[in-house]
Amino acid sequence: MKLVTFERDGQVRVGEWDAAQNTVCPLAFADGEPVYSMLGLIQASVAGEVVVAGDAQSLDDARLLAPLPRPERNIFCVGKNYHAHAEEFARSGFDAGRQINDAIPAAPIVFTKAPETVIAHGETIWAAEGVTDALDYEAELAVIIGQGGRGIARADAMKHVFGYTIINDVTARDWQKRHQQWFLGKSFDTFAPMGPALVTADEVDGAILELRCHVNGELRQHANTRDMIFDIPTLIEILSAGITLYPGDIIATGTPEGVGIGFQPPRFLRRGDRVRIEIQGIGVLENTIG
Ligand code: MG
């Protein structure tokens with residue numbers, strides 16, 4: 001199922017999306033109560049509750065929100081999880097304190113983005129002029145956790161995946177470098193465009209998805225999720241070893257080669273630029289800088 005969170009007349013609902021028809025079938029619980037939030041749907045799904053889809057409605061007078069418009073807690077993000085990107089990052093000089101010969105991490109690098117960073121497909125990414133001179137994009141597959149838990153074994157990890165969406169891990173590279181950690185430069189307002197749909201795990205295999213990112217129509221990133229250094233089960237095992245994961249948690253799995261700092265000279269985003277991320281089977285996430 002392709003699930004979306006949408007708003008009409010100030011009311012937020014969750015539904016099954018038909019992108020081609022621009023329609024949605026709003027979901028309701030068995031007792032007729034509408035599904036008001038994606039988190040509520042995920043929690044109900046984990047509890048084994050049944051939901052039913054209503055009749056298709058046009059989305060012409062509605063607005064798509066991010067699938068999880070305000071996550072319950074920080075978004076887990078994995079840094080340098082594709083070989084070629086780890087190498088371009090080391091070469092760029094923006095990887096504070098690291099040398100090119102230790103570009104490939106021996107264990108996942110994990111940081112987080114604040115929940116308030118999330119914006120929807122079509123919303124504007126803040127150019128942050130006067131705050132950063134080094135605005136960059138990172139196209140990524142995001143994993144949405146269903147059943148939570150601590151100490152999840154790699155072999156069981158995929159049972160904990162509710163679905164997938166697209167995330168742009170927007171980054172102020174100058175802040176990332178200067179402050180020698182990644183939270184500040186990745187948690188500016190609007191720095192996590194996400195969606196438009198959450199695709200349930202029964203519909204796609206997150207391990208083999210083609211990913212493309214275009215900036216102003218020019219192909220910048222093209223990779224397959226099979227090229228991740230640490231795969232999704234490994235990430236879930238490591239994240240959950242000491243931290244309990246909860247339904248609705250989001251894991252951004254890292255970006256492949258072709259970000260702005262990978263170019264000589266770097267090609268940073270400017271006001272008016274359009275970033276379009278497409279992941280096979282998941283959809284297209286497009287946002288403009290403004
Ligand atoms: Mg990233």
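**Exercise 1. Which protein donors does the magnesium ion have, and how far from it do they lie?**

Solution. The model is a predicted one.

Step 1. List the donors: Glu138 (OE), Glu140 (OE) and Asp169 (OD). They lie 1.9 to 2.1 Å from the magnesium ion.

Step 2. The spacing of the donors reads E-x1-E-x28-D. Glu138 is in the loop between strand E11 (135-136) and strand E12 (139-145). Asp169 is in the loop between strand E13 (161-168) and strand E14 (171-172). The two are 31 residues apart, and this pair links distant parts of the chain.

Step 3. Check the accessibility. Glu138 has 5% relative accessibility and Asp169 has 1%. The cut-off for buried is under 20%, so both residues count as buried.

**Exercise 2. Classify the aromatic pair of Phe89 and Trp182, and state which parts of the chain it ties together.**

Solution. 

Step 1. Take the geometry. The structure holds six aromatic pairs, and one of them joins Phe89 and Trp182 at 5.8 Å centre to centre, with 85 degrees between the planes.

Step 2. Apply the angle cut-off. Planes over 60 degrees apart count as edge-to-face, so the pair of Phe89 and Trp182 is edge-to-face.

Step 3. Locate the rings. Phe89 lies in helix H2 (residues 83-92), while Trp182 lies in the loop between helix H3 (173-178) and helix H4 (183-186). The pair therefore ties together parts that are 93 residues apart in sequence.

Step 4. Phe89 is buried, with a relative accessible area of 2%. Trp182 is also buried, at 15%.

**Exercise 3. Describe the pair of Trp175 and Phe188, then find the cluster that holds these rings.**

Solution. 

Step 1. Trp175 and Phe188 form an edge-to-face pair, at 5.6 Å centre to centre and 80 degrees between the planes.

Step 2. Trp175 belongs to helix H3, and Phe188 to the loop between H4 and strand E15 (192-193). They are 13 residues apart, and the pair links distant parts of the chain. Phe188 counts as buried, at 9% relative accessibility.

Step 3. Extend to the cluster: ring pairs link Trp126, Trp175, Phe188 and Phe191.

Conventions
Residues numbered from 1 in each chain as written. Predicted model: local features only at pLDDT ≥ 70, side-chain atom pairs only at ≥ 80, totals over all residues. Heavy atoms only, no water. Phe/Tyr/Trp six-rings, centres within 6.5 Å; stacked < 30°, edge-to-face > 60°. Helix = DSSP H or I, 4+ residues; strand = E, 2+ residues; numbered from the N terminus. Buried < 20%, exposed > 50% of the residue type's maximum accessible area, 1.4 Å probe, protein only. Donors = N, O, S within 2.8 Å, 3.2 Å for Na, K, Ca; no water.
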